[in-house]
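Reader: Could you walk me through a structure, feature by feature? I would like the general idea each time, and then the case at hand.

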Amino acid sequence: MKVVICGGGIIGNCVAYYLGESGITDITVVERDKLANAASGKAGGFLARDWCCECRQLDIFAKTSFALHQELATKFDGKASYDYRRLEAFSASYDADLKKSETELDSKREHLKWFNGPNIVAKSCNSIGTNENVAQLHPYKFVDTIAEYNLSRGIKVLEDTAIVSVKTEKAKAVGVELSNQTELECDVLVLCMGPWTGAAIEWFDSLPSCYGQKGHSIVILPKTELPGEAVFMELGGQFSPEIYPRPDGQVYVCGVTENPLPSNDLPLPGTIKPTENSCEKLKDIAGKVSDILCEGEVLTSQACYLPLTHDGLPIIGKVPQTENVYVAAGHGCWGILNSAATGKSLAQLITGCNEDEKINIEAFNPGRFNKSKTIRHV
């Protein structure tokens, strides 16, 4: 079986990994930019076992993927290879108009001692996750680790190479033409293009629409290393910053987003720039909630696009009206978490594993949409 995977982010590399583990040897990952150069390399890397409970099948899927990430961390020494660890998670609110009596934090508290800003709502600082159900990894390092392993198994990677057209015979993809003026034959084509997946509608008009929502993040290097305590904030209804201290001493902060755009309206990977003042807002709020973060150095200011679908659920499965074209995209903010289960479930679907071993992806069937639906902002 010859497999071509379009997209070298975390989803594409996980699909390649699990296909390789299933015994498929002729796999080529085609990436128009560099591996993990979009959201897969610029995300926070937060993993939550049971935070996707709005949909029963997504909840089960996320729990499966959380467990698979633990298996991968054991296999690849995730702690050393890509900063995998369990951690704690907390909620917090910030209100500049609060009275002092409402913002006084317990000086004897065991957690969040570094989270000491004067306008934090004291009663809002609550535990929402423990090392039993939340973890983190560095997504770029994770993709690099999986890609290196894939290469060692003979899986091919073509960077700075785009698929410009797909050759089809009736409902079957038989090959792709590349931007380097070469061609690849394929028995299976997998679309893992993140928020750009919807652009493939020019090849397959039955493909569901995808969208990209621009999000901003900064990476701060404080003078003092922070403990493994992630904070999810509410900022007076304006936006919801998230703060992730990392094992390497750096701190990832994100939270300023914009309205979604269709795939064809998105800038290309490698050309995405932060919107003016967006990253500055993140540094400002980080400095207001923590003296340590206020004094820290901003190492990186960046932006990426989260992949969305009409209903907020990913699309995983065979593209309607095709025989051998599959898609995995639209994971929203849970793409890092659900990458492992996505890779394994799609590999199972392609290779035809035993039914009792399959991960249930019925809720994510790409055929569930119709053209009359409109995008839901998430």
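Author: We will go through domains, a helix, a few residues and a pocket. This is a predicted model, in which local features need pLDDT of at least 70, side-chain atom pairs count only at pLDDT 80 or more, and totals for chains, interfaces and linings use all residues. Residues are numbered from 1 along each chain as its sequence is written, and side-chain values use heavy atoms, with hydrogens and water left out.

Reader: Into which domains is the protein divided?

Author: Domain bounds come from an automatic or database domain assignment. Here domain 1 covers 3–80 + 137–208 + 310–364, and domain 2 covers 88–130 + 212–308. Their C-alpha centres lie 29 Å apart. Domain 1 gives 23 residues to the contact and domain 2 gives 25; contact means heavy atoms within 4.5 Å.

Reader: How should I read helix H5, and which of its residues are buried?

Author: An α-helix has 3.6 residues a turn, so residues three or four places apart point the same way. Helices are DSSP runs (H or I, at least four residues) and strands likewise (E, at least two), numbered from the N terminus. Buried means under 20% relative accessible area, exposed over 50%, and partly exposed in between (1.4 Å probe, protein chains only). The buried residues of H5 are Pro139, Phe142, Val143, Thr145, Ile146, Ala147, Tyr149 and Asn150. Their cover includes H1 (10–21), H2 (39–42), H3 (56–76), H4 (78–82) and H8. After H5 comes Gly154, with a positive phi near 95°.

Reader: Which residues other than glycine have a positive phi?

Author: Most residues other than glycine have a negative phi, and most peptide bonds are trans. Asp160 is not a glycine, yet has a positive phi of about 55°. Asp160 sits in the loop between S8 (156–158) and S9 (163–169), and at 47% relative accessibility counts as partly exposed. Gln321 also has a positive phi, near 65°. Its place is the loop between S19 and S20 (325–329), and Gln321 is exposed because its relative accessible area is 67%.

Reader: Is Tyr94 buried or exposed?

Author: Tyr94, in strand S5 (residues 88–94), counts as buried because its relative accessibility is 10%. Leaving out residues up to four places away in sequence, Tyr94 touches several others, among them Asn119, Ile120, Met233 and Leu235. For another case, take Asp59 in helix H3: Asp59 is buried, with a relative accessible area of 14%.

Reader: What lines the second largest pocket?

Author: Rolling a probe the size of a water molecule over the atoms shows where empty space is left. On a 1 Å grid over the protein atoms alone, using a 1.4 Å probe, a pocket is an open set of points with protein on both sides within 12 Å along at least five of seven lines; lining residues have an atom within 4 Å of a point. The volume is the space filled by probe spheres set on the points, which are joined across faces, edges and corners. The second largest pocket has a volume of about 240 Å³. Its lining has 13 residues, with Leu349, Lys358, Ile359, Ile361 and Glu362 nearest the centre. Strand S19 (315–318) and helix H8 (335–351) each give two or more residues to this lining, and S19 provides the largest share, three residues.
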